[in-house]
Structure formats: structure tokens, C-alpha cells
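Here's a quick look at the aromatic side chains in this one. Have the structure open and follow along.

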Amino acid sequence: MKSAITLQSNQSAESKPGRRTGLLSAGGRGLLAACALAVSAGMMTAPAHAQGAKVGFVNTERILRDSKPAKDAQAKIESEFSRRDTELQRLANNLRSEAEKFEKDGPVLSESDRVRRQRELSNLDMDLQRKRREFQEDFNRRRNEEFSAIVEKANAAIKQIAEQDNYDLIVQDAVTVNPRIDITDRIIQALDK
């Protein structure tokens with residue numbers, strides 16, 4: 001018994017003179033050719049996979065946290081921004097004490113004094129938020145400057161180790177990695193020299 005698809009294709013082919021019937025119509029031959037091409041392409045690349053590629057992994061986050069240049073850069077940035085950080089803390093403490101004073105004095109203040117003090121507190125808060133935002137932007141910009149230089153040095157060390165040890169591929173920041181291919185410690189050692 002023929003399937004409905006085969007019957008339908010035979011019927012449509014019979015209704016059109018000059019068309020071939022059967023399983024290898026023009027579309028079927030194209031599909032067969034595509035499959036043959038895929039199989040032959042797979043056979044050509046099989047020897048490259050059979051040899052085995054040498055793969056390494058580098059954890060960039062660890063490099064930017066544990067290497068000597070990263071620690072030095074972090075200390076340098078913190079010292080550059082410590083004065084501004086202290087000033088922000090002083091402003092925050094001042095705002096907090098003024099808000100506590102307002103809460104305590106609020107019930108006995110006249111309406112105009114209450115409105116004036118609320119406006120002053122609001123202005124202090126806006127000033128503090130603006131200064132914090134500027135501080136964070138400046139800090140991030142400076143940190144990015146320092147760490148981009150470290151990343152460049154790390155990339156040079158990675159390339160050098162890849163050439164020395166004939167790595168085919170070195171991956172940075174993967175979701176999961178077998179520790180046997182992790183070369184992060186070697187990169188950190190190269191940077192610490």
C-alpha cells in the first residue's frame with residue numbers, strides 16, 4: 001500500500017507531462033546532493049579533529065583581581081580617590097544629623113521654618129547625590145584606564161604563551177571549565193614579573 005504523500009506526488013507528476021515520477025524528483029535530488037556534500041565535508045575535517053586541538057582557558061576576572069599589577073592599580077586608584085570618598089562620607093553624616101535634628105525639632109517649628117528646613121535638606125541631599133554620581137563616574141573611568149592597560153599586557157602574555165606552547169585556542173571567561181586547561185596562574189606569573 002502506498003502512502004498518501006507518495007500517491008499525491010505521483011498524481012501531481014502524472015498530471016504534468018515531462019516530469020519524473022518517483023522518490024528522486026528534482027527537489028529530492030537536491031536534498032540528496034546536499035546530504036552527500038555535508039557528509040563529504042565532515043570527512044574532510046575529521047582528520048583535524050582526530051589530531052586534537054590544544055585548548056587553554058584564562059579567567060580575566062582573576063587576573064584583574066589577583067595579579068600584582070591589578071593590586072597596584074587598585075591601591076593607586078583608592079589613594080587617588082580617598083580624599084573625595086572621605087568628603088562624601090562627611091557630607092552624608094552631615095545630612096543624616098541635619099535630618100535627625102529636623103525630625104526632633106519638626107513639631108515645634110513654624111510652618112515657614114519647616115518648609116525652609118525641608119528645602120535645605122532636599123538641597124543637601126541633591127548635592128550629595130550629584131557628588132556621589134560624579135565620584136562614581138570618575139572612579140569608574142580611572143579604573144577602566146588602569147585596567148585596560150593590564151588587559152593589554154595580559155593579552156600579550158596570553159599570545160606569547162600560546163605561541164610558546166602551541167595552543168590552538170585560548171578562551172577567556174567561559175561558563176564552565178576543566179581546571180586542567182586553566183592557564184590563568186601562568187598568565188598571572190608572567191604579569192607579576
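## Phe135 and its burial

Phe135 comes out at 12% relative accessibility, so it counts as buried (under 20% relative accessible area; exposed is over 50% and partly exposed lies in between, using a 1.4 Å probe and protein chains only). Phe81 is buried too, at 7%.

Keep in mind that this is a predicted model, where local features need pLDDT of at least 70 and side-chain atom pairs count only at pLDDT 80 or more, while totals for chains, interfaces and linings use all residues. Residues are numbered from 1 along each chain as its sequence is written, and side-chain values use heavy atoms, with hydrogens and water left out.

## Ring pairs

How many aromatic pairs does a search of the whole structure find? Three, where rings of Phe, Tyr and Trp (its six-membered ring) pair if their centres lie within 6.5 Å; planes under 30 degrees apart are stacked, over 60 edge-to-face, and the rest tilted.

One of them is edge-to-face, because the rings of Phe81 and Phe135 sit 5.6 Å apart at their centres with planes at 85°. This pair ties together distant parts of the chain, with Phe81 in helix 4 (residues 68–105) and Phe135 in helix 5 (residues 111–164), 54 residues apart. Helices here are DSSP runs (H or I, at least four residues), numbered from the N terminus.

Key
Helices (H or I, at least four residues) and strands (E, at least two) are DSSP runs, numbered from the N terminus.
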